[in-house]
Amino acid sequence: MKPNGKIKLALLSMMTLASSYALAGTYTETFRPQFHYTPAKNWMNDPNGLVYYGGKYHLFYQYNPNGMTWGDMSWGHAVSTDTVHWTEMPIALNVEKYAPGQVTQMFWSGSAVVDSNNTSGLGTTTNPPMVAIYTSYYPQALTLANGTSVQAGTQAQSIAYSLDQGTTWTQYSGDPIIQLPPSPYQDQFQNFRDPKVFWYAPEKKWVMVAALAALHKVVLYSSKDLKQWTFMSEFGPANESIGAWECPDLFPLPVDGNTSNIKWVLVVNINPGSITAGSGAQYFLGQFDDTQFVADANNVYDSLPPAGSTVFQNFEGSSYSALGWTATGALAGQAPARETIPGMEGNQLADTYGTGDSSVSTLTSPPFTITTSYINFLVSGGYHPYDPATYGTSMDTETAVNLLINGKVVQSTTGSNGIELVWRSWDVSGYNGQVAQIQIVDNNTGTTGWGHILVDDIVFSDVSKQEANWIDYGPDFYAVNSWNGLSGGRRLSIGWMNNWNYANTIPTTPWRSAMSVPREFALKTINSQVRLVQRPVADLLGLRGSSIYTQTTNTSLFSSNMVVPVDNTKGEALDISTKFKPGTASQFGMKVRVGANGEETVVGYDVKTHTVFVDRSKSGQINFDPTFTGRYSAPLLPSVDGSIALRVLVDWSSVEVFGGSGEAVLTSQIFPAPTSDGVAVFANGGTAVLQSINISSMNSSWPNQ
Ligand code: FRU
């Protein structure tokens, strides 16, 4: 049917409306975050070019202007005067192609500075240039306009400048400004990226930190003019040195607010292989001596078992049964594997590969009595978490190491879809005197490469074996970086609220990926250890609607599995502050985005293991990727008065938990039905006291909402 004139006109005006809307975004779509930045449409990953200038926060980001999955990487751009209300700007740096589908240059992650003294000569002192320093990715061998030849797959560092506050950009004619990694690492030209540059006032120079991703190193350069760079030093591998090291950051912070006690923080993002598998971020505290970052000795962890530990099992033996372990399935009658795996101890280890990834097996230890505070072990292999709902059934597809007490799983760790063994620890101080067994379960029949798990060196000790300092213990906080240009020593950071494990398949449209809430970073001494702590940006308060439920008198929560709807409070976007006092309950906490359909996201505290956890296994849509479901936990000791403080930010597709003073943070995406908007508190298997709770609604940060 041909539209008549009138309909045609109506259609046309609808189309114009639609396209102007598409640019502005409607921001009411299912799962559209209401107070987290998202582009109106298309794919986004890492935050880039974070710089504060002229009263505006700039947020550039990895952006695909042409699709909803990673590709055609360009720099998107948004600005804000308060870090919560963002205006999307035109694309800053647009992918370059010589023909459709033929990319000559992508603009990968990097940073931005305001060159106030015009050291680069790219602007004037009256109109200083904003300079972006980023990775040029050249997929094909190429001779650039300035005559420089680059090899296929090169990741080199380039600059571009803007003379109109970041709106339009010109690439520097001498790009790339660093074409190859420093010697002797020049063969790493395909894994050299993510320059973070900042002004180092004591020496009046620019400092760059960039990643040699595959070597698990960061390299430091200096420059007087942002164009000529001198290699200064390197750091790494150290602590979590698996997957790729990406998007480093380096900045000073006072300890406990004392400006005469400064430590430098080196942030290194890792993918895959972080604490929750997939993407994550670690940090090191140390000193920067004008040239080099040196981590504090107590921030670098060796790969040995903790001093004074007792080896429970190192899997050196002629068979599992000779070691006292019961082996079933493909491992029945077998011996521990003889392999050379990075990080392994001795000549043998437990490997459930068996006859292939599709084979299943279990290895069960003899019973033992728990007498120490921690069980530490090396683990690698498939990421298929223990799921209480399917455990022991034909639906159980886990690859996990479990601690069993009275036949119940009380602790569980899975692999991270990588081969390198990493240390993981369980706090078992709450189970002293109890008889336990360790079970290594491979119920995964997957044939995609990670249907098995590897374990070595199970040791008992009174200290936990720390592998790394994690910034966030949730699955969705990556490529974290901080703003340049803030005064008063303020360190504001933001992360990409996603995980490479499933980033390309999350069920959102017409955009994909959000940023975390911006967070103020600080250093605080907690239990005589200096820790990085975070809290949501204070400006968030501007979005706080009315308090919809408050209670400040102690309320006892009791009985088993008790769940109390909080006075019929409902909300899809909430800011919740709570304080609990542990009692006899093994777990307590709250549930958010609770629905009549059985959906719920649990934010709780586990008393025996001293951990705050988020369980999103029933949070809503989880089946778009097998690694999405799960339960994540962060160590958190009660504060001096014995209470547990939890601040929880709930948005249409995320939950961010800030435990204690902000030392235990977990960021998780969730995809619940819009009707799942209930809030409840709970205690399991005993009592707990809810000391206070305040629930405020969060207003939308988008215009016209
Ligand atoms: C991290 C990352 C960076 C790279 C960018 C490309 O998520 O892999 O190392 O610069 O994404 O989009």
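The model is predicted, so local features need pLDDT of at least 70 and side-chain atom pairs count only at pLDDT 80 or more, while totals for chains, interfaces and linings use all residues. Residues are numbered from 1 along each chain as its sequence is written, and side-chain values use heavy atoms, with hydrogens and water left out.

Around the ligand stand Asn45, Asp46, Gln62, Trp70, Met73, Trp108, Ser109, Arg193, Asp194, Glu246, Tyr478 and Trp500, where a residue is listed if one of its heavy atoms lies within 4 Å of the ligand. This shell divides into five nonpolar, three polar and four charged residues; Ala, Val, Leu, Ile, Met, Phe, Trp, Tyr, Cys and Pro count as nonpolar, Asp, Glu, Lys and Arg as charged, and the others, Gly among them, as polar. Polar side-chain atoms lie 2.7 Å from a ligand oxygen atom in the case of Gln62, 2.8 Å in that of Arg193 and 3.2 Å in that of Asn45. Of the 310 Å² of accessible area that the ligand has on its own, the protein covers 95% (Shrake-Rupley method, 1.4 Å probe). Two or more shell residues come from each of β1 (42–53), β6 (102–114) and β12 (192–200); strands are DSSP runs of E with at least two residues, numbered from the N terminus.

Arg193, Asp194 and Glu246, which belong to the shell, are also linked in a network of salt bridges. A salt bridge here is a side-chain nitrogen of Lys or Arg within 4 Å of a carboxyl oxygen of Asp or Glu, and the structure holds 20 of them.

One of these joins Glu240 and Arg424, with the closest N and O atoms 3.1 Å apart. Glu240 sits in the loop between β15 (230–235) and β16 (244–255) and Arg424 in strand β29 (residues 418–427), so the pair ties together parts 184 residues apart in sequence. Both Glu240 and Arg424 are buried (under 20% relative accessible area; exposed is over 50%, and partly exposed lies in between; 1.4 Å probe, protein chains only).

Asp575 takes part in two salt bridges, with Arg544 at 3.1 Å and with Arg647 at 2.7 Å. Asp575 is in strand β41 (residues 574–582) and Arg544 in strand β38 (residues 544–551), whereas Arg647 is in strand β46 (residues 644–651). Asp575 is buried because its relative accessibility is 1%, while Arg544, at 29%, is partly exposed.

Finally, His384 lies in the loop between β26 (374–381) and β27 (399–405) and is buried, at 15% relative accessibility.

Conventions
Helices (H or I, at least four residues) and strands (E, at least two) are DSSP runs, numbered from the N terminus. A polar contact is a pair of N or O atoms within 3.5 Å; within protein, one must be able to donate a hydrogen and the other to accept it, and residues adjacent in sequence count only if both atoms are side-chain atoms.
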